[in-house]
There are 2 protein chains.
Amino acid sequence: MATQQDTSTERRQAILAATLTAVAERGLHKTTISEIQRRSAASVGSIYHHFGDREGVLYALYIDIFTDCFAQLRASLQQATTARDGIRGLVCTYLTWVEAHPEQASFIYEASQGDLLRSYRDAILQFKGAFYQEVMAWMRPYLQTGELIILPPWAYDAILLGPAHEFARRWLGGLQELTMAEAQIIIADAVWRAIQPG
Amino acid sequence: MATQQDTSTERRQAILAATLTAVAERGLHKTTISEIQRRSAASVGSIYHHFGDREGVLYALYIDIFTDCFAQLRASLQQATTARDGIRGLVCTYLTWVEAHPEQASFIYEASQGDLLRSYRDAILQFKGAFYQEVMAWMRPYLQTGELIILPPWAYDAILLGPAHEFARRWLGGLQELTMAEAQIIIADAVWRAIQPG
DNA sequence: GTATTTCTAGAACGATATTCTAGAATAGTT
DNA sequence: AACTATTCTAGAATATCGTTCTAGAAATAC
């Protein structure tokens with residue numbers, strides 16, 4: 001027997017799933033409340049009850065997706081036993097995730113830019129910051145041994161994942177000049193060169 | 001005496017300037033036609049006459065800004081006499097431009113993502129592609145001498161400017177942990193390591 | 001001097017995000 | 001079991017948005 005809680009979370013998930021496919025098919029700014037309503041069979045009131053407003057729907061989906069992505073990256077880091085495996089694994093795992101979840105990745109890039117989630121800015125920064133702390137913690141031993149170059153914390157974000165993000169945006173935009181598998185190697189190699197002491 | 005052409009281009013520029021400041025202050029998706037109208041003192045009809053639709057206004061501004069940015073990068077490349085100076089100059093010049101034009105840079109990042117300029121997608125790709133061809137032409141001699149690593153063309157975009165873009169987004173978002181001058185050195189060094197043959 | 005093009009103006013229209021009121025279904029309490 | 005409170009859904013109503021449309025003014029071309 002379905003409790004109210006069950007049907008409620010089902011509806012919640014249906015709204016988020018409808019939003020993701022709507023964004024994938026028609027783009028973010030054409031994903032209207034009534035479009036979500038049509039695809040999820042939820043009423044306007046139901047959507048606003050669960051998420052507050054349109055931005056709230058996007059934010060909830062945003063966090064859901066990042067939670068999954070970060071879990072993959074975390075697992076990759078944890079099973080790495082050398083600095084090289086860890087750094088290259090981070091890049092490759094991220095790009096593998098993008099290839100496996102193109103709709104989710106596109107959504108992330110569409111939503112993270114701009115002012116769409118401006119009112120959730122602090123919450124998102126905190127959420128991402130917590131994960132970057134984990135990455136920093138993993139790197140610390142290798143920083144001490146001199147295997148990885150010591151930089152201000154903010155710089156690792158740009159140097160480690162900047163190239164992968166730039167490529168992913170391009171790949172998701174339809175410019176798939178090379179398979180993701182080949183791109184992974186090229187980008188991972190470049191990042192590995194960049195992160196070692198000169 | 002002001003001709004019709006003069007007042008027309010003045011109005012055009014006023015609309016674009018109003019759009020830029022509106023986006024800087026309130027964000028892209030809150031920059032409405034009536035907001036632009038209010039700041040530029042242009043009528044609805046005038047805006048639509050000059051730019052077709054809201055997307056057209058954004059596209060015109062987008063191209064204007066990139067034209068300026070590319071001009072800086074082109075000048076930087078042309079006066080470089082070594083591979084190292086050229087590559088590092090590209091990164092530093094770009095970040096200098098971002099620091100000098102934060103409103104323009106923010107606009108670029110807000111507008112290039114998502115489906116906002118979807119109907120101008122091909123024109124934008126062609127515009128950017130032409131500049132990347134120039135960069136490739138500059139690199140060619142150094143690729144032949146082995147000073148720069150040989151990669152598929154698409155990879156240079158990700159590896160050369162990916163870190164700078166990632167940092168710029170963060171810096172523009174208000175997380176200015178370090179001065180741009182210091183960031184330039186760190187990122188330029190990293191990119192220079194990444195782009196050399198291993 | 002007339003015709004044509006360019007440009008501006010603003011009312012009108014359909015669609016949008018959001019709010020609001022009302023009620024149904026479930027959970028909690030005694 | 002009965003009553004209350006809470007959660008959830010429903011959909012009409014509202015204000016605002018992007019866009020279209022018609023009309024006319026101003027400059028230019030012939």
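Biologist: How many residue pairs in polar contact does the count between chain A and chain B give?

Modeller: The count is 6 residue pairs, both residues of each pair at pLDDT 80 or more. A polar contact is a pair of N or O atoms within 3.5 Å; within protein, one must be able to donate a hydrogen and the other to accept it, and residues adjacent in sequence count only if both atoms are side-chain atoms. This is a predicted model, in which local features need pLDDT of at least 70 and side-chain atom pairs count only at pLDDT 80 or more, whereas totals for chains, interfaces and linings use all residues. Residues are numbered from 1 along each chain as its sequence is written, chains are lettered from A and ligands numbered from 1 in the order in which they are written, and side-chain values use heavy atoms, with hydrogens and water left out.

Biologist: Why is the pair B:Asp157 and A:Arg170 called a salt bridge?

Modeller: The term requires a side-chain nitrogen of Lys or Arg within 4 Å of a carboxyl oxygen of Asp or Glu. The N to O distance for B:Asp157 and A:Arg170 is 3.8 Å, so the pair meets that limit. Between chain A and chain B there are 2 salt bridges.

Biologist: What makes B:Asp189 and B:Arg88 a pair that ties parts together?

Modeller: Their side chains meet in a salt bridge at 2.1 Å, N to O. B:Asp189 lies in helix 9 (residues 180-195) of chain B and B:Arg88 in helix 5 (residues 83-100) of chain B, so the pair links parts 101 residues apart in sequence. Helices here are DSSP runs (H or I, at least four residues), numbered from the N terminus.

Biologist: What burial do chain A and chain B share?

Modeller: They bury about 3,400 Å² between them, 62% of it on carbon and sulfur atoms. Buried area is the accessible area (1.4 Å probe) that two parts lose on being put together, summed over both.

Technical notes. Helices (H or I, at least four residues) and strands (E, at least two) are DSSP runs, numbered from the N terminus.
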